[in-house]
Amino acid sequence: MATITELKCAVRETLESRGVLGQLKARIRAEVFSALDDQREPRPPLSHENLLINELIREYLEFNKYRYTASVLTAESGQPEVPLNRQFLANELKVNEDTSSKSVPLLYGLVSHFVNSGDSVGKVFLRGASLPAGTSASNTVPGPDA
């Protein structure tokens, strides 16, 4: 008859070999976060920019099978449970896709565009976006005089 220690080891090995152990740990972390999340502290309203950014991140997380991380992002940010339509997201970002780019998250394409850009002008100037109420101005992107 197997000892408790042997049984624990067998269960652990089985869960690891099936790829379930990591998912269970992540799910427990997500549930602990949810239990500890202070619902009394109101979150700032979700700005249009944050909605788009969160959706880019969620698409990336889900593509890479970080489902529980994505669920924590959704819960913590107030992002809608149902993902935005990819074509809507691409249109909002003014991105044109070819068939090969549709197989990876939009974030990969955006990063690739800037990393591989052969633009002779140099760096791109980023302007601060409209921020939700209560967000510190120290989180804005500095202008060219900074």
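Setting aside neighbours within four places in sequence, N54 touches L46, L73, S77 and Q79 (contact means heavy atoms within 4.5 Å). The model is predicted: local features need pLDDT of at least 70, side-chain atom pairs count only at pLDDT 80 or more, and totals for chains, interfaces and linings use all residues. Residues are numbered from 1 along each chain as its sequence is written, and side-chain values use heavy atoms, with hydrogens and water left out.

**N54**

- N54 sits in helix 3 (helices are DSSP runs of H or I, at least four residues; strands are runs of E, at least two; both are numbered from the N terminus).
- N54 counts as buried because its relative accessibility is 11% (buried is under 20% relative accessible area, exposed over 50%, partly exposed in between, with a 1.4 Å probe and protein chains only).

**Nonpolar core**

- The largest nonpolar core has six residues: L52, L56, L89, A90, V95 and L106 (such a core is a set of buried Ala, Val, Leu, Ile, Met, Phe, Trp, Tyr and Cys residues joined through side-chain atoms within 4.5 Å).
- Helix 3 (48-63) and helix 5 (86-92) are the elements that each give two or more residues to this core.
- V95 is in contact with A90, L106 and L110, leaving aside neighbours within four places in sequence.
- In soluble globular proteins, nonpolar side chains tend to be buried together.

**Salt bridges**

- The count is four salt bridges (a side-chain nitrogen of Lys or Arg within 4 Å of a carboxyl oxygen of Asp or Glu).
- R12 and E16 pair at 3.6 Å, N to O.
- Both R12 and E16 belong to helix 1 (residues 4-17), four residues apart, or about one turn of the helix.
- R12 is partly exposed at 44% relative accessible area, and E16 is partly exposed at 44%.
- R58 bridges to E55, with the closest N and O atoms 2.7 Å apart.
- R58 and E55 are three residues apart in helix 3, so about one helical turn separates them.
- R58 is buried at 2% relative accessibility, and E55 is buried at 4% relative accessible area.

**Bridge between helices**

- R86 and E59 form a salt bridge, with the closest N and O atoms 2.4 Å apart.
- This pair links distant parts of the chain: R86 is in helix 5 and E59 in helix 3, 27 residues apart.
- R86 is partly exposed at 21% relative accessible area, whereas E59 is buried at 19%.
- E59, R86 and E97 form one network, joined by salt bridges that share partners.
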